[in-house]
Amino acid sequence: MAGRSAAMSSRVRNPMFYDSMPAPACGGLGHATPLVSPLRGPVWTEGTEHLKPTRDNKMSATQPQRLEDLEPAPVWRFFAGMAAVPRNSKKEEKIRAHVKNLARQYKLTCREDSVGNLVIDVPATPGHEQAPVTVLQGHLDMVCEKNSGTQHDFDRDPIKLVLGKDRETSEAIVRADGTTLGADNGIGVALAFAAATEPGVVHGPLELLLTVDEEQGMTGAKVLEPAFLRGRRMLNLDSEEDDAIYIGCAGGCDANLAWSLKATAPDPNATVVMVTIAGLRGGHSGGDIHLNRANAIKLLARTLRDSGVADLRLALLQAGSKRNVIPREAKAVLTLPAKGLAALKETAGQVQAETVREAGEAQCTIKVDAAGRDQAPGVLSTADTQRLLDTLLAIPSGVLAVNPAVPGLVQTSNNLSVVGSEYQGAQAALRLEIQTLSRSSAAFELDATIRQISAIGRLAGATVTTGNSYPGWQPDLNSAMLDTGRKVYEKLFGQAPKVTAIHAGLECGIIGERLGGMDMISFGPRIKGAHSPEERVYIASVQKSWKFVTAFLAAIA
């Protein structure tokens, strides 16, 4: 679930997009060639149409043409196997079975705790049995997001892997076809498996700690018992920049605001419309929050409130999907006087144009379409409608503070994540709920943010609940793991790594608190667009990460 620090991403001024070839509605991808994964069915690659030709119109030898040609081969093999297995948060049964089957194939012991966290014990390379146990850690679940027009069942369908290139840099990438890729954190788990099973990798005793439900609350890490692991030094593989070693992360807390409001039959003379927001980039609510990406919930509330229509009445409000995802899409069904329709459409056009121009959301669309009366069986009063819209506008969302000691590093943020509504009691009431996720590396600021959101909710007459908090990971500049990691990185790549903290949440803080005495660093390949269908992992970065991980394990063996 990790993301980038603001300091490292300041060089990115515009969104990175990759080439995309149209795919058939079903049954594969253009000239796709099936790649059969180790234990499951086909995963698809688009072949060479995304690769950049050389001057003689031949494919560059530096650009792999098939997924099965990628190096390091064992890493991509394990990743393809994971991509073929559904692994939504809180639904990890199939991926746990897949991992346990892999452990049996390699004759490794696999232990499981009461909630499904797995530990795979890996014997040391001969001659290195006396080295301290090292924990390689990642999480099994993934964020499941898809574009509105993509047909994909995350409970059954494999992720379709696509070999392509980054449009801006022409770097070779792997992405998915209209869904999240799951490189967060599948590629980290694949690196751990490959390091544990490749005969040429030198290492001491290893424990592969693979947690569940990281993306929706880190509930797996929260119940780890000290006796479950022998190792007290850990390499977390859930960060997403290959030029940095991470030694700290933010903590977080959820807040919920809920109402049950009276709904009445709509005025038969009123016009029923649906307002939809689509085409936003979204992204990771920790790692991408500093990029100032538009929030679909905020745009929807602004469009409705700024229209100036006096008698708007909400019938439905749905937006966002998960707390840790910046919402890309939103919709509202409402009634209004026919004379107010022109003003609403004009406001929608203005907000869309401003979002495209000022927020860099080139694909943003805000539409006002006629809706059937069956979509508005009950509506809220004008006063309740305005109160809800004002609440959405008042809740802070985005960067709230930067770290005074680390230029560019976000210290505190809030993501206005999800809004949902449903009718109760034969349409006599409409229940609405707002969900937020606040993050901070300063405990007092996290507490202040939650208090602010709670106060807004109380003023708006909501029932407010908070919880599911998790601690940050405090940096240790005297870490022996960090010292070795720095030396290994500089020897391999000829320059020192950046040493920094991340605004996203890593499980390191929880694991360190639960187990005690854990010396930890985090490293991983470059991933962009995590938690959105733009997610992609850079092939050369996976190769670089493999070099670092294997050299690091040898150095501490």
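How do the residues of the lining of the second largest cavity divide into nonpolar, polar and charged? They divide into 7 nonpolar, 2 polar and 2 charged, where Ala, Val, Leu, Ile, Met, Phe, Trp, Tyr, Cys and Pro count as nonpolar, Asp, Glu, Lys and Arg as charged, and the others, Gly among them, as polar.

## Basis of the model

This is a predicted model, in which local features need pLDDT of at least 70 and side-chain atom pairs count only at pLDDT 80 or more, while totals for chains, interfaces and linings use all residues. Residues are numbered from 1 along each chain as its sequence is written, and side-chain values use heavy atoms, with hydrogens and water left out.

## Cavities

Searching the whole structure gives 3 cavities of 30 Å³ or more. A cavity is a set of points, on a 1 Å grid over the protein atoms alone, where a 1.4 Å probe fits but cannot get out, and its lining residues have an atom within 4 Å of a point. The largest cavity has a volume of about 50 Å³, and its lining is made up of Leu304, Arg305, Val309, Ala310, Leu312, Thr382, Thr385, Gln386 and Leu389. Two or more of these residues come from each of α6 (296–306) and α8 (382–394), helices being DSSP runs of H or I with at least four residues; the largest share, 4 residues, belongs to α8. By class, this lining holds 5 nonpolar, 3 polar and 1 charged residues.

For the second largest cavity the volume is about 40 Å³, and its lining includes Met142, Cys144, His152, Phe154 and Asp157.

## Nonpolar cores

A nonpolar core is a set of buried Ala, Val, Leu, Ile, Met, Phe, Trp, Tyr and Cys residues joined through side-chain atoms within 4.5 Å, and buried means under 20% relative accessible area, exposed over 50% and partly exposed in between (1.4 Å probe, protein chains only). The largest core has 66 residues, and Trp76, Ile120, Leu161, Val174, Phe193 and Leu208 are those with the most contacts inside it. Helix α4 (residues 183–197) supplies the largest share of this core, 10 residues. A second, separate core has 48 residues, Leu304 and Cys253 among them.

Leaving aside residues up to four places away in sequence, Ile120 touches, among others, Val99, Cys110, Phe193 and Leu208, a contact being heavy atoms within 4.5 Å.

## Cysteines

With a disulfide taken as a pair of cysteine sulfur atoms within 2.5 Å, the count comes to 0 disulfides. Cys508 is in no disulfide, and the nearest cysteine sulfur, that of Cys249, is 6.4 Å away. Cys508 is buried, with a relative accessible area of 0%, whereas Cys110 is partly exposed at 26%.

Note on methods:
On a 1 Å grid over the protein atoms alone, a cavity is a set of points where a 1.4 Å probe fits but cannot get out, and a pocket is an open set with protein on both sides within 12 Å along at least five of seven lines; lining residues have an atom within 4 Å of a point. Grid points are joined across faces, edges and corners, and a volume is the space filled by probe spheres set on the points.
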